[in-house]
Amino acid sequence: MNDYYNSFRDGQFDKIFTSQSKLRSTILEEFLCILFEDLIDEMRKKLDTENLSSGGVKAYSNLYFSSENLKQFVTEPTIGVNQKDQDYAIYRPLTISVNGYFKKEINLPIVSIEAKTYIDKTMLEGSIATAEKIKSGNPYAKFYMVSETYEVDQSVDPAYSRIDQIFVLRKSDVRGADKPIDDKVVISLYKEVKNHLGREWGNIKKKLSESGKII
């Protein structure tokens with residue numbers, strides 16, 4: 001991945017791809033697909049299922065009910081589904097149906113990742129809002145941000161948000177943009193996701209007997 005980034009830094013693609021093409025921002029998204037590809041295959045075999053997918057997706061966040069009047073409320077209330085574009089997610093396709101008159105195909109995430117070249121305050125605030133929406137639809141989902149550098153003032157503490165973790169691959173702000181991607185951060189991200197997929201989520205009885213920790 002470092003070699004791939006360096007080939008862009010050396011300028012050999014400048015005549016083909018301009019900064020407006022936003023090609024560089026897709027490198028990390030592509031890397032996440034490669035990073036977790038074998039893990040997803042392993043999980044499919046372990047569970048003997050094809051109902052596990054990964055990649056960039058419009059992920060389900062929540063649904064809501066609304067009606068124009070009492071008659072519609074009683075006979076056929078309107079159901080809306082909110083979805084959010086995610087740079088990378090591990091999810092299962094699902095069909096929601098209600099009383100035979102509503103049917104919607106959704107992608108329910110268990111891991112959502114927003115991939116950034118850098119994170120500034122505006123981006124962080126947007127991701128905090130997205131994390132809140134994703135987790136309102138599935139409290140067992142994990143929401144991560146992955147970035148090359150981190151540009152948010154240190155007075156802003158994302159620990160108060162519902163973002164589970166922010167991984168900064170170059171372990172620096174923009175002044176360290178030439179630092180290599182740190183493999184230890186990548187490994188930490190991989191282990192975090194793998195542990196979440198392999199652990200118990202809502203089996204309180206089992207968690208109580210095995211670890212004594214409920215959440």
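Two residues are taken to be in contact when heavy atoms of each lie within 4.5 Å. In the predicted model examined here, Q86 touches G56, V57, A59, S112, I113, E114, T130 and F143, leaving aside residues up to four places away in sequence. Q86 is located in strand β2 and, because its relative accessibility is 4%, it counts as buried.

The sheet to which β2 belongs is open and comprises five strands in the order β1-β2-β3-β4-β5, with mixed pairing. Each of the edge strands, β1 and β5, has a single partner, so one side of each is left without a neighbour in the sheet. From one strand to the next, the twist averages 30 degrees. Four bridges join β4 and β5 in the parallel sense, and V146 stands opposite F167 of β5.

Helix α4 packs on this sheet, touching β1, β2, β3, β4 and β5, and its direction makes about 165 degrees with that of β4. The helix covers residues 121–137; at 1.5 Å a residue, its 17 residues should span 24 Å, which agrees with the 25 Å between its end C-alpha atoms. The buried residues of α4 are L124, S127, T130, A131, I134 and K135. Viewed down the helix axis, these buried residues fall within an arc of 125 degrees and therefore line one face of α4. At the start of α4, a side-chain oxygen of D120 comes to within 3.2 Å of the backbone nitrogen of T122.

A further helix, α5 (residues 183–198), lies across β2, β3, β4 and β5 and runs at about 160 degrees to β3.

Methods
Residues are numbered from 1 along each chain as its sequence is written. This is a predicted model: local features need pLDDT of at least 70, side-chain atom pairs count only at pLDDT 80 or more; totals for chains, interfaces and linings use all residues. Side-chain values use heavy atoms; hydrogens and water are left out. Helices (H or I, at least four residues) and strands (E, at least two) are DSSP runs, numbered from the N terminus. The expected span of a helix is 1.5 Å times one less than its number of residues. Buried means under 20% relative accessible area, exposed over 50%, partly exposed in between (1.4 Å probe, protein chains only). The arc is that of the directions from the helix axis to the C-beta atoms. A polar contact is a pair of N or O atoms within 3.5 Å; within protein, one must be able to donate a hydrogen and the other to accept it, and residues adjacent in sequence count only if both atoms are side-chain atoms. Two strands pair if DSSP finds at least two bridges between them. Axes are lines fitted to C-alpha atoms, for helices over the stretch in contact, and angles run from 0 to 180 degrees between N-to-C directions.
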